[in-house]
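Please keep the sequence and the model in view while reading.

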Amino acid sequence: MSEKFDIERVQGLNLGLSAGAIAVSWVMASPLFAASLAAGAVLEAANFRSLRRSCQAIFQTGVSGSGAAATAFGLRFLLLAAAIGIALYVGAHPVGLVIGLSLIVPSAIIAAWMARPELAPATPAPPPDDPSWDEWNPWLASERERDAEEDQ
């Protein structure tokens, strides 16, 4: 299952989830709710594409923390806030808008899950009374460091 994580897959999953959510909300809720969800999905898709382009430009040029990148990042948020404000002013349903804006999260999680690395083969655990259990720190996932008091 270890495939490469692909942004196009995230966008495709996002399109599918958005279309499904819009169809279900049209049937289960109201046309206004479905239209608000669609508006949120469109805003979120545009925002995600803008974020992707900005990040690619920053990482390809190797410039970190540049003023232009910070300005583009802030401008993207201002435009998104203005678009959300206009949608609410026009009469969009706030819950539908938020759901539409949030659908990128499950899309990214599903795409990351699909690109997860192969599982390592399981090795048998030592028996419960094995002394090696006392030498392992489960909180740090490493061997315990012995204190001077333990050595005596």
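## Arg76 in helix α3

R76 is found in helix α3, which spans residues 67-90; helices here are DSSP runs of H or I with at least four residues, strands are runs of E with at least two, and both are numbered from the N terminus. The model is a predicted one, in which local features need pLDDT of at least 70 and side-chain atom pairs count only at pLDDT 80 or more, while totals for chains, interfaces and linings use all residues. Residues are numbered from 1 along each chain as its sequence is written, and side-chain values use heavy atoms, with hydrogens and water left out.

R76 is buried but has no salt bridge. Buried means under 20% relative accessible area, exposed means over 50%, and partly exposed lies in between, with a 1.4 Å probe and protein chains only. A salt bridge requires a side-chain nitrogen of Lys or Arg within 4 Å of a carboxyl oxygen of Asp or Glu. The nearest side chain of opposite charge to R76 is E44, 10 Å away; Lys and Arg count as positive and Asp and Glu as negative, whereas His and the chain ends are not counted. Leaving aside residues up to four places away in sequence, R76 touches N47, S50 and L51, where contact means heavy atoms within 4.5 Å.

## The chain as a whole

The chain contains 6 helices and 2 strands, and from the N terminus on its elements run α-α-α-α-α-β-β-α. Of its 152 residues, 19% count as buried. Among contacts between residues at least 6 apart in sequence, 68% join residues at least 24 apart.

The accessible surface of the chain comes to about 10900 Å², and 68% of this belongs to carbon and sulfur atoms. Accessible areas come from the Shrake-Rupley method with a 1.4 Å probe, and for residues only the protein chains shown count as cover.

In helix α5 (residues 104-114), the residues I104, S107 and A111 are buried. Seen down the axis of α5, the buried residues fall within an arc of 60°, so they line one face of the helix; the arc is that of the directions from the helix axis to the C-beta atoms. These buried residues pack against α1, α2 (31-61) and α4 (94-102). The face of α5 turned away from its buried side carries the exposed residues I109 and W113.

In α4, the buried residues are G96, L97 and G100. They cover an arc of only 100° around the axis, which puts them on the same side of α4.

V24, W26, V27 and M28 make a nonpolar surface patch of about 500 Å². Patches consist of residues with over 30% relative accessible area and no salt bridge; like charges are joined within 9 Å, and nonpolar side chains (Val, Leu, Ile, Met, Phe, Trp, Tyr) within 5 Å. W26 lies in helix α1 (residues 7-28) and is exposed, with a relative accessible area of 52%. V10 also has its place in helix α1, but V10 is buried, at a relative accessible area of 1%.

V10 and I109 are 99 residues apart in sequence and 8.6 Å apart in space, C-alpha to C-alpha. L32, in helix α2, is partly exposed with a relative accessible area of 46%. Between L32 and G91 there are 8.6 Å from C-alpha to C-alpha, and the two are 59 residues apart in sequence.

P117 is placed in the loop between α5 and β1 (136-137) and counts as exposed at 62% relative accessibility. The C-alpha atoms of P117 and K4 are separated by 9.2 Å, although the residues are 113 apart along the chain.
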